[in-house]
Amino acid sequence: MTCEFNSLSTRLSSAFLPLLLASLSLPGQMRLPLRSFCILRSLFSQRRPATNPQRRGLSGAAMRLVQFRRRGDGGGVRVGVEQEGDGLGVVDLKAFDPSMPSTMRELLELGDEGLERAQRALSSGRCVVERSDLQLLPPVLAPEKVVCVGMNYRDHCLEQNAPIPKEPIIFSKFPSAITGPYDDIILPSESQEVDWEVELAFVIGRGGKHIKEEDALSHVAGFTVANDVSARDWQMKRNGKQWLLGKTFDSFCPLGPALVTTDAVKDPHRLGVRCLVNGDTVQSSNTDQMIFQTEALVAWVSKFVTLTPGDVFLTGTPPGVGVFRDPPVFLKKGDVVECQIDQLGSIINKVV
């Protein structure tokens, strides 16, 4: 179905509001009647809700945003909004409004305007793509940064008999490690100790430097599920025990299934977190165990680097990883890893 977007109210306001204002300076007999002026003023004042400085999220809109490809159309990336309810389709933003961007990062760069337009598309109920006709991609492709936090769960520190960190432990993955919510995890021939780590992730929606903790959530677009796949031999034994190489092999950052906007998550720091390997639960905890929560991480990292829309943060993992089991357990070909977080969904990745 072909969809066209027609922002009539915006065009009317831009065309007639200047004329309306100009009419106020005309001679008395040429002025608009006062009643007409009041009606028009009322109409224009309803175009956009007043900004609420206390809002939690970027735009105040509660949505589940996704990136996808439509099957059989050449593979172009699209941004969509999931309809409410299991099994329902995805509203294709580009089909609803051809001026909308094709990637999540570009959508976030539009700020409040982009998310408000996405909300209008969702409310329209038009331009819906059935689930069977699309392939879900990671919610963000090619972010400028993937910021990771180590040792950020109290129960994970206890698992290792490690002290609670006094400052966030920050490392990184290369953006090329990101893969889709149902894509394969590729075992590299260079490692024999590949491990799982379910993690709450969040995505920056509004950039900044030296962001105050009390303002941090207004810079966050939303939350998603991540698996910080890790080659423990490279992380803990080789390359000077620097973490980067062990964390950033291709496919070592499954992400998805959706970017759930901040206002759609009641409390991101009271969510159940689980990881299952071949159906067996290996990690089960809650984000209330996080030592440094979202606001603190945004404020801390923005002291050092400028955050930009689309930047991805992985916030740490709870206990139950393979390396600390007795004996240690690592992933092998054919394993299926499922990472679940309440309110956000699950990602399922086969190991190949």
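How many residues does helix α5 have, and how far does the helix reach from its first C-alpha to its last? In this predicted model, α5 runs over residues 112-124, so to speak a stretch of 13 residues, and spans 18 Å between its end C-alphas. That is close to the 18 Å expected at 1.5 Å a residue.

As for burial along α5, the buried residues are G114, L115, R117, A118, A121 and L122. They take up an arc of only 160° around the axis, and that places them on the same side of α5. Just past the end of α5 sits G125, with a positive phi of about 70°.

Now for the protein as a whole. There are nine helices and 18 strands, and 50% of the 352 residues count as buried. Taking the contacts with a separation of 6 or more, 75% are between residues 24 or more positions apart. The exposed surface comes to about 16800 Å², and 53% of this is supplied by carbon and sulfur atoms.

One piece of that surface is a nonpolar patch of about 240 Å², built from Y182, V336 and I348. Of these residues, V336 belongs to strand β17 (residues 336-341). V336 has a relative accessibility of 31%, so it is classed as partly exposed.

R232 tells another story. This arginine lies in helix α7 (residues 232-236) and is counted as buried because its relative accessibility is 3%. G246 is 14 residues from R232 in sequence, and the C-alpha atoms of the two are 6.3 Å apart in space.

Some backbone details are worth a look too. Most residues other than glycine have a negative phi, and most peptide bonds are trans. Two peptide bonds that go the other way come next. G256 and P257 are joined by a cis peptide bond with omega at about -5°, and P257 is placed in strand β13 (residues 253-261). The bond from D326 to P327 is cis as well, with omega near 0°; here the proline is in the loop between β16 (312-314) and β17.

What of positive phi outside glycine? N161 is one case, with phi at about 55°. N161 is in the loop between α6 (154-160) and β7 (169-173), and with 73% relative accessibility it counts as exposed. S251 is another non-glycine residue with a positive phi, near 75°. This serine is found in the loop between α8 (244-247) and β13.

Note on methods. Residues numbered from 1 in each chain as written. Predicted model: local features only at pLDDT ≥ 70, side-chain atom pairs only at ≥ 80, totals over all residues. Heavy atoms only, no water. Helix = DSSP H or I, 4+ residues; strand = E, 2+ residues; numbered from the N terminus. Expected span 1.5 Å × (residues − 1). Buried < 20%, exposed > 50% of the residue type's maximum accessible area, 1.4 Å probe, protein only. Arc of directions from axis to C-beta. Patch = residues over 30% accessible without salt bridge, like charges linked within 9 Å, V, L, I, M, F, W, Y side chains within 5 Å. Areas by Shrake-Rupley, 256 points an atom, 1.4 Å probe, with all protein chains shown as cover. Salt bridge = Lys/Arg side-chain N within 4 Å of Asp/Glu carboxyl O. Contact = heavy atoms within 4.5 Å.
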